[in-house]
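This report describes a two-part reading of a model, from its surface to its contacts. Please consult the sequence and coordinates alongside the text.

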Amino acid sequence: MRVRSALLAGVRGLWLAVFGIVGSVVLFTLAVVSISFMLLGIGVLTTPVVLGAVRAFADLRRVQAAEWAGVRIPTPYRRPLPARRGGVAGQVELCSALLKDKATWRDLQWLLVDMTLGAVLALLPAAMLLYAPWGVVVASGVWKPLVRTDGTFWFLFVPVTGQDTAYLAAAAGVTLGVVGLFTGPALLRAHFLLAEPLLRPTRERELALRVDHLTESRHDVVDDSAAALRRIERDLHDGAQARLVAMGMSLGTIEALVEKDPAQAKRLLAAARADSAEALTELRDLVRGIHPPVLAERGLADAVRALALRVPLSVEVDVELAGRAAEPVESAAYFAVSEVLTNATKHSGADRVWIDAHHAEGALRIAVTDNGRGGASVAAGTGLLGVERRLGAFDGVLAVSSPAGGPTMVTMEIPCVLS
Amino acid sequence: MRVVIAEDLFLLRDGLVRLLEAYDFEIAAAVESGPELGRALVELKPDVAVVDVRLPPSFTDEGLQYALAARRRTPGLPVLVLSQHVEQLYARELLADGSGGIGYLLKDRVFDADQFVDAVRRVAAGGTAMDPQVISQLLTRRSRDEPLGKLTPREREVMELVAQGRSNAAIATQLLVTERAVAKHTSNIFAKLALSPSDDDNRRVLAVLAYLDRGGLSC
């Protein structure tokens, strides 16, 4: 296990070192040249392209940091870039926006660090491992030609002059290899930690990004709840309210008819009763749409189970929650699952669905998988977009994996605590 | 027949008391909270209990929980659960012990006093009274399921009414056929669901359970 992770760290480090040096040097040079050529005019055209490449390169490193060493580095760029006009004026605007962005300059600083100290740190895990076989090879006789050509051949801190010192060199190499075995992954992590201060947003930018996000999600929430209230108002007005009015009118007519025409009165009574039943059904559906009764009574786990019983698919539910989340979070999660299930029923062609929900690392994670034909995307369906917005209000995220041919897997994550 | 009523809304509680008294039931107690219901069920041992799902103090499914707890102490204690909404999840929990004497109805079923009282009597006698809504939710599910899929349309119709807890005579009246025809259908249904002919009454409960369970679901 240790050997595997050390080897993996070595290979990854080697990759980082090679591409780090090549990529950083090339990109840094291009960026500097391109920015200086802006005075001549050509740079205006090239700078956005080059800086775009720098950002992509940095973003790749951010992803690797998270995947290879568990170092999460948030991206500092404001997206999207400011709306731009076409033509040269637009280009100039774009350039100035990019150059005014502190993140651009921090990226360039990072390129410098990455091609030097960063590359060395990345190279170490592989180098230390390789010293062990190298030392053994030296001791096995390779020292002779080396010493003959160079006089004294230095292996690490050991001056190799004869077989004795060659053994010493092998021992030193193997020791270094063992040390590498234990420190490799840590060194790889150190490489990313070194990059982190420059790659992550500044405190100021972090707050600005947060404000952007909050503004956006607040707009979404306000829009959504206004739309929901309008819908409820309309449903009440056209549905239950109208039926109660009809009932009142029927009762009035019955009062007048009851002695004159008892048969007709009886018919109207039946109609009035049917109206009241209809009104109740409509109110019930409305309540279910606002806050489902099982959710209120039992919480998310049983509400999802009850939901599974209502869809015409075979649904397997695996929900384990040690407590209840805050009511708004439960509600958002419930409606998210409900929407995803509706989608699966209507569009996926699936006949089996698996729902898996649990709470870990401070977040509620729900995965809904079906065996349908795939091809779902957040961009295409308004349904999933709505879910994403709803979850966004709680800093939650939604991810859809749905290759053509299936299966579709929708995962949701909402940060929350259980009580 | 002695009834315990548990309902927190005064208007509805009062209405239920008056309705059942009009049909010659004896009201042993009319309570308004979960703990009171628990005590009443244990101490008064009523012939049947009419219970609202949502009761104070928690206003969650307290009524249901107390009813289930009482049935664990006294198996088969007849309970008719009333609710503003019906959920298969709750229907299955109520029926799970397979001992009958269970009803689960929407509150508006009270509008039809005769049918409602009939349901109370059926539950008190150890039968079942499932709300048509629970049944119709099941019908909307695609039934790819083998045993249920084998039922003919007419048999499904009969099954639906059996699941609600109706007697053969009641089913015959509703479907405008003879009682013997209904009996033939039910025995066909029992055969198709592989329910052995040991105890005819309990088989009806088991058929309901099978009906609920074989909607093709697993939890």
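The sections below treat the interface, the salt bridges, the annotated site, the backbone and the nonpolar surface.

**Basis of the description**

The model is predicted: local features need pLDDT of at least 70, side-chain atom pairs count only at pLDDT 80 or more, and totals for chains, interfaces and linings use all residues. Residues are numbered from 1 along each chain as its sequence is written, chains are lettered from A and ligands numbered from 1 in the order in which they are written, and side-chain values use heavy atoms, with hydrogens and water left out.

**Interface between chains A and B**

At the interface, 25 residues of chain A are in contact with 28 residues of chain B, contact meaning heavy atoms within 4.5 Å. The two chains bury about 2,300 Å² between them, and carbon and sulfur atoms give 47% of this area. Buried area here is the accessible area (1.4 Å probe) that two parts lose on being put together, summed over both. On the side of chain A, 32% of the area buried against chain B is supplied by A:Glu297, A:Arg298 and A:Leu309, more than by any other three residues.

Between chain A and chain B the count is 7 salt bridges; a salt bridge is a side-chain nitrogen of Lys or Arg within 4 Å of a carboxyl oxygen of Asp or Glu. One network of salt bridges links A:Arg298, A:Asp302 and A:Arg305 with B:Asp61 and B:Glu93.

**Individual salt bridges**

Over all chains, the structure holds 36 salt bridges. Three of them are set out here.

| Pair | N to O distance |
|---|---|
| A:Arg200 and A:Glu206 | 2.7 Å |
| A:Arg273 and B:Asp112 | 4.0 Å |
| B:Glu157 and B:Arg154 | 3.4 Å |

Which elements hold A:Arg273 and B:Asp112? A:Arg273 belongs to helix 8 (residues 262-290) of chain A and B:Asp112 to the loop between strand 5 (102-106) and helix 5 (113-124) of chain B, so this pair joins two chains. Helices (H or I, at least four residues) and strands (E, at least two) are DSSP runs, numbered from the N terminus. A:Arg273 is partly exposed at 43% relative accessibility, and B:Asp112 is likewise partly exposed at 27%. In this scale, buried means under 20% relative accessible area, exposed over 50%, and partly exposed in between (1.4 Å probe, protein chains only).

Within chain B, B:Glu157 and B:Arg154 are 3 residues apart in helix 8 (residues 153-164), which means that about one helical turn separates them. B:Glu157 has a relative accessible area of 34% and is partly exposed; B:Arg154, at 29%, is also partly exposed. In chain A, A:Arg200 is partly exposed with a relative accessible area of 23%, as is A:Glu206 at 25%.

**The annotated aspartate**

In an unreviewed entry, UniProt lists B:Asp52 for "modified residue: 4-aspartylphosphate". UniProt positions are given in the numbering used here, feature names are shortened, and annotations may be inferred rather than shown by experiment. B:Asp52 is placed in strand 3 (residues 48-52) of chain B. Is this residue, B:Asp52, buried or exposed? B:Asp52 is buried, its relative accessible area being 5%. Apart from neighbours within four places in sequence, the residues in contact with B:Asp52 are B:Ala6, B:Glu7, B:Asp8, B:Gly63, B:Leu64, B:Leu82, B:Ser83 and B:Lys107.

**Backbone features of chain B**

The loop between strand 3 and helix 3 (62-73) of chain B contains B:Pro57, which is joined to B:Pro56 by a cis peptide bond with omega of about 5°. B:Asp24, a residue other than glycine, has a positive phi near 65°. B:Asp24 lies in the loop between helix 1 (10-22) and strand 2 (26-31) of chain B and is exposed, with a relative accessible area of 68%. B:Lys45 also has a positive phi, near 40°, and is found in the loop between helix 2 (34-44) and strand 3 of chain B.

**Nonpolar surface of chain A**

A nonpolar surface patch of about 900 Å² includes A:Leu14, A:Trp15, A:Phe19, A:Leu60 and A:Leu123. Helix 1 (residues 2-36) of chain A gives the most to the patch, with 9 residues. A:Leu14 is part of helix 1 of chain A and is partly exposed at a relative accessible area of 37%. Patches are made of residues with over 30% relative accessible area and no salt bridge, like charges being joined within 9 Å and nonpolar side chains (Val, Leu, Ile, Met, Phe, Trp, Tyr) within 5 Å. Accessible areas come from the Shrake-Rupley method with a 1.4 Å probe, and for residues only the protein chains shown count as cover.
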